Amino acid sequence: GSALVDACENAAMEEWARKFYEMVLEVEEENIAAQKFYEKRGYIALFADPTSRRYDTSGFVLKNERTTKICYRKDLTLK
């Protein structure tokens, strides 16, 4: 978990030809553990999007379902 996030942040700032100085991601509203994980690492919730979609993989056929996702942002210059 943490090592993967660190690697992604480092790649965005140091390894890519074009440097990026922020990371933006979405977490489903029901996934409290993921929200805490990213908040602990300096990500700040910007807004909730109740029109997001996800695939329900619990059955034989994939179903496209509505869900609320929270958008998070981290300023990588503050690392």
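This is a predicted model. Let me start with charges. Glu28, Arg54 and Glu65 are linked in a network of salt bridges. Take one pair from that group. Glu65 and Arg54 form a salt bridge, and their closest N and O atoms are 3.8 Å apart. The pair links distant parts of the chain, with Glu65 in strand 3 and Arg54 in strand 2, 11 residues apart.

Are these two buried or exposed, or in between? Glu65 is partly exposed, at 26% relative accessible area. Arg54 is partly exposed as well, at 30%.

How many salt bridges are there in the whole structure? The search finds 4.

Next, Arg73 and Glu22. Their side chains meet in a salt bridge, at 2.5 Å from N to O. Arg73 is in strand 3 and Glu22 is in strand 1, so this pair ties together parts that are 51 residues apart in sequence. Arg73 has a relative accessible area of 30%, so we call it partly exposed. Glu22 has 39%, and is partly exposed too.

Now Lys74. Which residue does Lys74 pair with in a salt bridge? Glu9, with the closest N and O atoms 3.3 Å apart. Look at the burial here. The cut-off for buried is under 20% relative accessible area. Lys74 has 11%, so it counts as buried. Glu9 has 1%, so Glu9 is buried as well.

Within strand 3, Lys74 is the bridge partner of Met23. That takes us to the sheet.

What is the strand order? The sheet is open, has 3 strands, and runs 1-3-2 with antiparallel pairing. Why does one side of strand 1 and of strand 2 lack a neighbour in the sheet? Strand 1, residues 22-28, and strand 2, residues 44-56, stand at the edges with a single partner strand each, so one side of each is left without a neighbour. From one strand to the next, the twist averages 30 degrees.

Now put a helix on that. Helix 2, residues 32-40, lies across strand 1 and strand 3. Its direction is at about 160 degrees to strand 1.

Let me zoom in on one residue of strand 3: Thr67. Thr67 has a relative accessible area of 5%, so it is buried. What is Thr67 in contact with, leaving aside its neighbours within four places in sequence? The list is Glu28, Glu30, Asp49, Pro50, Thr51, Ser52, Arg53 and Arg54.

Last stop, the surface. Which residues make the nonpolar patch of about 310 Å²? Ile44, Leu46 and Phe47 make it. Leu46 sits in strand 2. At 48% relative accessibility, Leu46 counts as partly exposed. Recall that strand 2 stands at an edge of the sheet.

To close, keep one contrast in mind. Lys74 is buried, and so is Glu9, whereas Arg73 and Glu22 are partly exposed. Happy to take questions.

Methods
Residues numbered from 1 in each chain as written. Predicted model: local features only at pLDDT ≥ 70, side-chain atom pairs only at ≥ 80, totals over all residues. Heavy atoms only, no water. Pairing = 2+ DSSP bridges. Helix = DSSP H or I, 4+ residues; strand = E, 2+ residues; numbered from the N terminus. Axes fitted to C-alpha atoms, helices over the stretch in contact; angles between N-to-C directions. Contact = heavy atoms within 4.5 Å. Patch = residues over 30% accessible without salt bridge, like charges linked within 9 Å, V, L, I, M, F, W, Y side chains within 5 Å. Areas by Shrake-Rupley, 256 points an atom, 1.4 Å probe, with all protein chains shown as cover. Buried < 20%, exposed > 50% of the residue type's maximum accessible area, 1.4 Å probe, protein only.
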